[in-house]
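Hi,

Here is the structure I promised to pass on. Have a look at it first, and my notes on what turned up follow below.

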Amino acid sequence: MTADRDHRVLVFAPIGRDGPASAELLRSANLNAINCRDLPELVSEMAAGVGTVFLAEEGLFGKDTEPLAQWIASQPPWSDLPFVVLTSHREQPAVVAWRRSIVELLRNVSLLERPVQPITLTSAIQSATRARRRQYEIRALLEAREQTAQELEKLVIERTRALEEANEQLRLEIKERARVEETLRQAQKIEAIGQLTGGVAHDFNNLLMVISGGLDMIDRQTDPSRRRRLMDGMIQAAQRGASLTKQLLAFSRRQKLRPQPVDVAAQIGGMRELLDRSLRGDVHVEFDFPEQLWPVEVDPGELELVVLNLAVNARDAMPNGGTIVVRGENLPDLNEDQISGDYVRLSVIDTGVGMPPEILSRVFEPFFTTKDVGKGSGLGLAQVHGFAKQSRGTVRIRSEVGRGTSIELYLPRSFDAPSSERHLIDLTRVRPKKSNQGQVLLVEDDDEVAALVSEMLGQLGYEVTRASSAAAALGALADGRRIDLIFSDIMMPGGMNGVELAREIKNRRSDIPILLTSGYAEASVSDAESAGIEILPKPYHIDELAAALAAAKSNLRRDAESKRSSSR
């Protein structure tokens, strides 16, 4: 359709001269009028484009109007073609009813009665044409909106495709970054492991040198005082090795802690004498604890070791002396990175030389130290970090060159009352007994350890039968020999560990006390504790062994008496 066709006026008055005369009249009014001779031609011209239809009603009498009705019904939503109908003078009921049906068929109708003045006809047609023109404007708006919607949809498709491509590129970049980061982490792990093993090897080689050299020299010395000095040196080296192992386990978070409610002010305040012995005379320690400092949930012995470690570090940072402040603060409703809730902040603050940023960023790395060789292992702050994490807290450090350092432990508040006992590390030692203490079944796969422990047990008055595996121990029990106590390592070859052995023995012989030992805190240690089996950590002294054996026998007797009382 063209714009000219859209504005045509179609005339349908097939009887007499009404059709041609009307068309000529409309053309004189500058309207594009087309005279249609019959109804099919009218419908055909309407399909080609129309603005208004002028028809005489008698042209429809007796005609098949179905094609006209179909065209009107199929108009698009914006279209409502106007019809101007010239009616006759007949008012018979049948004619009136027919006329009403025609009006319903045509829908948008204006009626003109004969006789009609030319100006009236022209005005009616012009008015209908203007109404049709507004319909075309609506059509144009709808077409523009549709075109805009199509363009928008096309743009959305293009943008979506571009976004998908960008997302895919981003996913590839994230994947590549993750791969690079994992490679970097692996490299850092390898570097850390290398640094760790190098530091361990250095420290343990020094300790082994003292022990092996002392053993080599002790037989060459006849002077008792020199032999005593050699023995003291070897004992001290062994103690340093045990302390180093403990630091390593704390750093790796495999050290078994025994958290309980602790009164920080009382626990740390009772360390005054220990700190005074460990620090120089020109270093002064001050405690700053509020009256209502909350108790915390930590291992009290490890807490003391951490504070002592930090105090010694603070002392070394103040070569010309100074003041160390140990401060406690309540932090209610703390909500920061990694921790949230009620915490106690325990700070150790010095007035020393401080640290630059490049040193500060590495202080928690294992074996990183700024001290001279032999003055520190570099595990102290790593141990502090491990202790804080194991205690469900964290540690932070603040330092400024020339203005000192503050190391802050954030420890979770305990809502339970702390024990009245302040210091849980029992420094008293049970003296070995020479009297006959009974028969011990020693289960140990390491020949050298077994030989040493057998000698210690002999010194304590026990007779020793050794088994090198759990299966051999069960065999020794099965052959009917007398066994008064079983002392077994937890980690052993052969598929059955010490905890499983202890359970099996309890099923067979519940009357035999059992003591286990372990070199580090693994999952089976927790299993042993849940089963009520005593554990003696390695390394241990002979008096610690004597106390643990006595406790195992005492606990068995107490459990037996409790069962007898409950059965009555």
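**Notes on the model**

L155 is partly exposed, because its relative accessible area is 36% (buried means under 20%, exposed over 50%, and partly exposed in between, with a 1.4 Å probe and protein chains only). Before you read on: this is a predicted model, where local features need pLDDT of at least 70 and side-chain atom pairs count only at pLDDT 80 or more, while totals for chains, interfaces and linings use all residues. Residues are numbered from 1 along each chain as its sequence is written, and side-chain values use heavy atoms, with hydrogens and water left out.

Back to L155, which sits in helix α6, residues 118-218. Helices (H or I, at least four residues) and strands (E, at least two) are DSSP runs, numbered from the N terminus. Together with L152 and V156, L155 makes a nonpolar surface patch with about 250 Å² of accessible area. Patches take residues with over 30% relative accessible area and no salt bridge; like charges are joined within 9 Å, and nonpolar side chains (Val, Leu, Ile, Met, Phe, Trp, Tyr) within 5 Å. A salt bridge is a side-chain nitrogen of Lys or Arg within 4 Å of a carboxyl oxygen of Asp or Glu. Accessible areas come from the Shrake-Rupley method with a 1.4 Å probe, and for residues only the protein chains shown count as cover.

Most residues other than glycine have a negative phi, and most peptide bonds are trans. R114 and P115, however, are joined by a cis peptide bond with omega of about -10°, and P115 belongs to the loop between β5 (109-113) and α6. N30 isn't a glycine, yet its phi is positive at about 65°; you'll find N30 in the loop between α2 (18-28) and β2 (33-35). D333 isn't a glycine either and has a positive phi of about 50°, but D333 lies in strand β9, residues 322-336.

What about V53, buried or exposed? V53 counts as buried, since its relative accessibility is 0%. V53 is in strand β3, residues 52-56, and touches L10, L42, M46, L81, P82, F83 and V84, leaving aside residues up to four places away in sequence. Contact here means heavy atoms within 4.5 Å.

As for the whole chain, there are 17 helices and 17 strands, and buried residues make up 39% of the 568 residues.

Cheers
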